[in-house]
Amino acid sequence: MSEAPRLPTVALPTDQELVLKVIPMPADCNASGDIFGGWVMAQVDLAGAVLPARRVKGRIATVAVNEFIFKQAVKVGDILSFFARIVKVGRTSVTVEVEVFAERFALQGQYIKVTEARLTYVAIDSQGKPCPVPAE
């Protein structure tokens, strides 16, 4: 049996904030044994909302997934680290980039980038209508 090819490892970002860490479990797998892409997308949406919610200090809603790139498969037992940064603040919206790094179960301390995404959230009032993002 041949050994699986080793993926190039990367350093974790220092110019972004760690907003979420999670370990996918067997219930999150597809029929091939990899983690469902939709599960990863849901986690990215949660992670991406952290900084806009903090900036808005109120309700937000996801209005766009501008870009989503799956770079590597996510496996059961990977320790996923989600890093985010705000890249644009509009009148009612905040756009965020999220990068996801996997620490493979058998390769603790080594990271590979598995996903990157750009999402836009809108500040909403108590009636669910867009409202201005407060000045910083």
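**View 1. Salt bridge between E17 and R54.** In this predicted model, the side chains of E17 and R54 meet in a salt bridge at 3.0 Å, N to O (a salt bridge is a side-chain nitrogen of Lys or Arg within 4 Å of a carboxyl oxygen of Asp or Glu). The pair links distant parts of the chain, with E17 in strand β1 and R54 in helix α1 (residues 37-56), 37 residues apart. Helices (H or I, at least four residues) and strands (E, at least two) are DSSP runs, numbered from the N terminus. E17 is partly exposed at a relative accessible area of 33%, and R54 is partly exposed at 47%. Here buried means under 20% relative accessible area, exposed means over 50%, and partly exposed lies in between (1.4 Å probe, protein chains only).

Residues are numbered from 1 along each chain as its sequence is written, and side-chain values use heavy atoms, with hydrogens and water left out. As the model is predicted, local features need pLDDT of at least 70 and side-chain atom pairs count only at pLDDT 80 or more, while totals for chains, interfaces and linings use all residues.

**View 2. Salt bridge between D34 and K75.** The N to O distance in the salt bridge joining the side chains of D34 and K75 is 2.8 Å.

**View 3. Other salt bridges.** Side chains of opposite charge can pair when their charged atoms come close. A search of the whole structure finds eight salt bridges. One of them joins the side chains of E116 and K113 at 2.9 Å, N to O. E116 is partly exposed, with a relative accessible area of 21%, and K113 is also partly exposed, at 21%. D15, R85, E97 and R118 are linked in a network of salt bridges.

View 4. E103 is placed in strand β4 (residues 93-103). The side chain of E103 reaches the backbone nitrogen of G109 at 2.6 Å. Leaving out residues up to four places away in sequence, E103 touches D78, I79, Q108, G109, Q110 and Y111, where contact means heavy atoms within 4.5 Å.

**View 5. T9 beside Q110.** T9 sits in the segment before β1 (17-22). Although T9 and Q110 are 101 residues apart in sequence, they are 6.0 Å apart in space, C-alpha to C-alpha. T9 touches Q110, Y111 and I112, again not counting residues up to four places away in sequence. T9 is partly exposed, with a relative accessible area of 44%.

**View 6. Nonpolar surface patch of M41, V65 and F70.** Together, M41, V65 and F70 have about 260 Å² of accessible area, from the Shrake-Rupley method with a 1.4 Å probe; for residues, only the protein chains shown count as cover. Patches are made of residues with over 30% relative accessible area and no salt bridge, with like charges joined within 9 Å and nonpolar side chains (Val, Leu, Ile, Met, Phe, Trp, Tyr) within 5 Å. V65 lies in strand β2 (residues 60-70) and is partly exposed, with a relative accessible area of 46%.

Technical notes. Polar contact = N/O pair within 3.5 Å; in protein donor to acceptor, adjacent residues only side chain to side chain.
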